[in-house]
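Hi,

Here's the structure I promised to pass on to you.

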Amino acid sequence: MTVKFLYFAWVREKIGAAEEHVVLPVDVRTVADVLAWQATRGDTYAAVFTAAGIIRVAVDQAHAQPAASIGGAREIAFFPPVTGG
Amino acid sequence: MVVRVQTADFDVGAELTAFTAGRTDIGAVVTFTGLVRGEANGRELRCMTLEHYPGMTEAELQRIDAEAHRRWPLQSSLIVHRIGTLHPGDNIVLVMAASPHRLVAFEAAAFLMDYLKSKAPFWKKEVAVDGTGSWVDARDSDADALGRWS
């Protein structure tokens, strides 16, 4: 499954890209799975994604909790807690 | 019922005039304006940059607005949020809520701001007068504010 990943704020700066297209392993099924998988993609990703509980996730432009399925997702975004307003 | 994300400034008076134009049923409008403060964590601020998630931002603001209308008998609502580079004293965000009586308008405006601050995908990066930039951390008090509506 090919999915578009988006990164925002300091997550974008640390990863060094605003977006990338990735092929997800078939056993990556939930938001928690994709966060864990990201942490295995090298030192840069590990540094960002092992800070468990900090990175927020949106699936197809809606907030998603760790247990949520990513089945059929076209766009998954990773970002720090929001600070607008 | 109207949600806008824009780089341009907004005029609170003009927005209020347009918001109530032609209406004789509205009895109360509560208006909230958020501004850029010139100080952050004890440091003087030169400017800040507001980044957002195009597409999700508008969708999330619509969801927040719809939830406010589900909870209160609002006659009208408006959310305007700026993005890009802003300086101390600049407007950041505008929320308006209209109802026949004041209590609903006060509560709904507070709800809209609390939800916006915890859910809408905006991120602030502050630049101090010495040129150092830092991403603003989310505040526990914002999450606490959300809790009072659950």
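Below is what turned up, starting with a sheet and ending with the cores.

One thing to keep in mind: this is a predicted model.

Start with chain B. You'll find an open sheet of four strands there, in the order β1-β5-β7-β2, and the pairing is mixed. At the edges sit β1 (2–6) and β2 (28–35) of chain B, each with pairing on one side only. Going from one strand to the next, the twist averages 10 degrees.

Now zoom in on β5 (residues 76–82) and β7 (residues 91–99) of chain B: these two pair in the antiparallel sense, over six bridges.

Next, the cores. The largest nonpolar core has 36 residues, and among those with the most contacts inside it are F5(A), L24(A), F78(A) and Y53(B). Several elements of chain A supply at least two residues each, including β1 (2–7), α2 (31–38) and β5 (75–79). Which residues does F5(A) touch? Leaving aside residues up to four places away in sequence, its contacts include L24(A), V34(A), W37(A) and F78(A). There's also a second, separate core of 33 residues, with A40(B), I64(B), V93(B) and A97(B) among them.

Note on methods. Residues numbered from 1 in each chain as written. Chains lettered and ligands numbered in written order. Predicted model: local features only at pLDDT ≥ 70, side-chain atom pairs only at ≥ 80, totals over all residues. Heavy atoms only, no water. Pairing = 2+ DSSP bridges. Axes fitted to C-alpha atoms, helices over the stretch in contact; angles between N-to-C directions. Core = buried A, V, L, I, M, F, W, Y, C linked by side-chain atoms within 4.5 Å. Buried < 20%, exposed > 50% of the residue type's maximum accessible area, 1.4 Å probe, protein only. Contact = heavy atoms within 4.5 Å.
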